[in-house]
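Here's a quick briefing to read alongside the model. Keep the viewer open and follow along.

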Amino acid sequence: MLVWDDGLKIRGNGLYRDLYLDSRQPRPLSFVSHAHSDHLGLHEQTIATPETSALAEYRIGLQRVIQLTYYQDFPIEDAVLELRPAGHVIGSAMMHYRGDGGSLLYTGDFKLRPCLTTICADPRPADFLCMECTYGQPFFKFPDAKLVAEEMVERVRAAMRENRQPIVLGYTLGKAQEITKILIDAGFNVTLHGAVFNMHCLYEKHGTALGAVRKYVWADFHGERQVDLKERGVLVAPPYVARTPFVTSFEKPLTIMMTGWAMLKGANYRYGVDHVLPLSDHADFDELMELIDRVQPKKIFTHHGPRSFAEILRAKGFDAQPAHPDPQLSLFE
Ligand SMILES: [Zn+2]
C-alpha cells in the first residue's frame with residue numbers, strides 16, 4: 001500500500017490512482033500537508049486544507065484542490081481519508097487513511113507543543129505511522145517556548161535601550177507569524193519585510209489575528225526622513241536577509257535568528273547573526289516519542305530526518321524503518 005517511488009505514495013489497486021504524499025514532482029494526485037516549499041508540487045489534483053490550498057496558490061499557483069476541513073471523513077478511491085491538525089503552520093494537516101490494508105497516519109511536519117498562531121496537533125491512532133523526524137536525535141530537547149519568547153523579548157528590549165535596530169529572523173511561513181505575535185503581545189511596534197508582510201495578510205485573511213503591523217519601506221529606516229526607532233519598532237524578516245544590505249545597511253543592528261537548529265553549537269556564526277534562540281515549528285525528540293505513544297502503531301516509517309532515528313526506535317523495541325529504502329520496495333501491503 002505505502003511505497004517509495006521517487007517520493008512517498010499510497011499505491012492504487014489498478015482501478016484507482018496512486019495517492020502521493022507531499023510530492024515535489026507534479027503528480028496526477030497528491031496530498032499536500034502544508035505550504036512549505038519542500039512539500040509543494042504542481043499536481044493535476046491536490047488534497048489539502050482550505051488554508052494550505054490558499055497559501056499554495058499564492059506561492060506556486062497551485063489550483064484544482066480538493067479542500068478538506070479537519071475531522072471530515074472523505075471517501076477517495078476505495079479508502080476513507082481524514083485530515084487532523086498538525087500544529088506546524090496555518091492549515092497544516094496530518095492525513096489519516098483507512099483502507100483494506102489497515103489504517104495509516106502520515107504526519108507531514110508537526111509539533112505537539114501549543115502553538116500561538118495555529119490549532120494544536122491532534123494525531124489519531126493508526127496501524128501504521130509515517131512520521132517526520134527532523135529533530136530525531138535525543139539531544140534535541142527544546143526549552144519551554146515561553147522562556148524562549150521571554151529571552152527574545154528581553155534581547156529586543158535591550159537593543160531598543162541602546163538605540164540599536166532589532167531584527168528578528170524566522171521562516172516566512174509559520175515562524176515569522178509566531179515571532180510577530182510574541183512581539184506585538186509584548187507591546188512592541190513591528191515592521192515586516194515584504195515577504196513576511198504578505199504571509200501576515202494571508203494569516204489574517206484566514207482567521208488568525210496577529211495584530212497591526214507596518215510594511216517595510218527603506219525610507220522609514222534610513223536617511224533624513226526615517227521614523228523614530230520606537231515607532232518603527234522591531235523588524236521581522238526571513239533568514240536569507242541576514243548577510244544582505246537589508247541588515248548590513250544599519251550601523252549596529254541586533255540580529256536574532258529563531259530556529260530549532262539553535263541547539264547546535266556555533267549556530268549564530270553559521271547564520272551570521274548575533275543570537276540564535278530555539279523556537280521551532282517541529283517536534284523535538286520527546287515529542288516524537290510522545291506521538292508514537294499517542295498513535296500506538298504496529299509499524300513506524302520515519303521520514304524527513306536522520307535515518308538513525310529508526311535505529312533508535314528499534315533499540316527501544318519498535319518495528320521501525322526509514323520510509324525510503326530501495327526504490328519501488330513496498331513498505332507495507
Ligand atoms: Zn514545514
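Is Arg64 buried or exposed? Arg64 is exposed, because its relative accessible area is 57%, where exposed means over 50%, buried means under 20% and partly exposed is in between (1.4 Å probe, protein chains only).

One heads-up before the rest: this is a predicted model, where local features need pLDDT of at least 70, side-chain atom pairs count only at pLDDT 80 or more, and totals for chains, interfaces and linings use all residues. Residues are numbered from 1 along each chain as its sequence is written, and side-chain values use heavy atoms, with hydrogens and water left out.

**The overall picture**

- Along the principal axes, the C-alpha atoms fill a box of roughly 70 × 45 × 30 Å.
- Of the 333 residues, 56% are buried.
- Take the contacts (heavy atoms within 4.5 Å) between residues at least 6 apart in sequence: 58% of them join residues at least 24 apart.
- The accessible surface is about 14400 Å², and 50% of that belongs to carbon and sulfur atoms. Such areas come from the Shrake-Rupley method with a 1.4 Å probe, and for residues only the protein chains shown count as cover.

**The open sheet**

- Seven strands make an open sheet in the order E7-E8-E9-E10-E11-E18-E19, and the pairing is mixed. Two strands pair if DSSP finds at least two bridges between them.
- Strand E7 (74–76) and strand E19 (320–322) are the edges, each pairing on one side only.
- From one strand to the next, the twist averages 20 degrees.
- E7 pairs with strand E8 (residues 79–85) in the antiparallel sense over 3 bridges, and Phe74 sits opposite Leu81 in E8.
- Helix H9 (residues 285–295) lies across E9, E10, E11 and E18, at about 160 degrees to E11. Axes here are lines fitted to C-alpha atoms, for helices over the stretch in contact, and angles run from 0 to 180 degrees between N-to-C directions.
- Helix H10 (residues 308–315) lies across E11, E18 and E19, at about 175 degrees to E19.

- Strand E12 (residues 166–169) pairs with E15 in the parallel sense over 3 bridges; Leu169 has Ala237 as its bridge partner in E15.
- Strand E13 (residues 190–192) also runs parallel to E15, joined by 3 bridges, with Val190 opposite Val234.
- Helix H3 (residues 175–185) has 9 of its 11 residues buried, so it is largely enclosed by the rest of the structure. Its buried residues include Lys175, Gln177, Glu178 and Lys181.
- Those buried H3 residues pack against helix H2 (145–161), E12, E13, helix H4 (194–205), E15 and strand E16 (254–258).
- After H3 comes Gly187, with a positive phi near 95 degrees.

- Most residues other than glycine have a negative phi.
- Arg64 isn't a glycine, yet its phi is positive at about 50 degrees; Arg64 lies in the loop between H1 and strand E6 (65–67).
- Glu77 also has a positive phi, near 50 degrees, and belongs to the loop between E7 and E8. Glu77 counts as partly exposed because its relative accessible area is 34%.

**Cysteines**

- The structure holds 0 disulfides, a disulfide being a pair of cysteine sulfur atoms within 2.5 Å.
- For Cys120, the nearest cysteine sulfur is that of Cys115, 7.2 Å away. Cys120 is partly exposed, at 37% relative accessibility.
- Cys130 is buried, at 1% relative accessibility. Its sulfur is 9.3 Å from the closest cysteine sulfur, in Cys133, which is too far for a bond.

Note on methods
Helix = DSSP H or I, 4+ residues; strand = E, 2+ residues; numbered from the N terminus.
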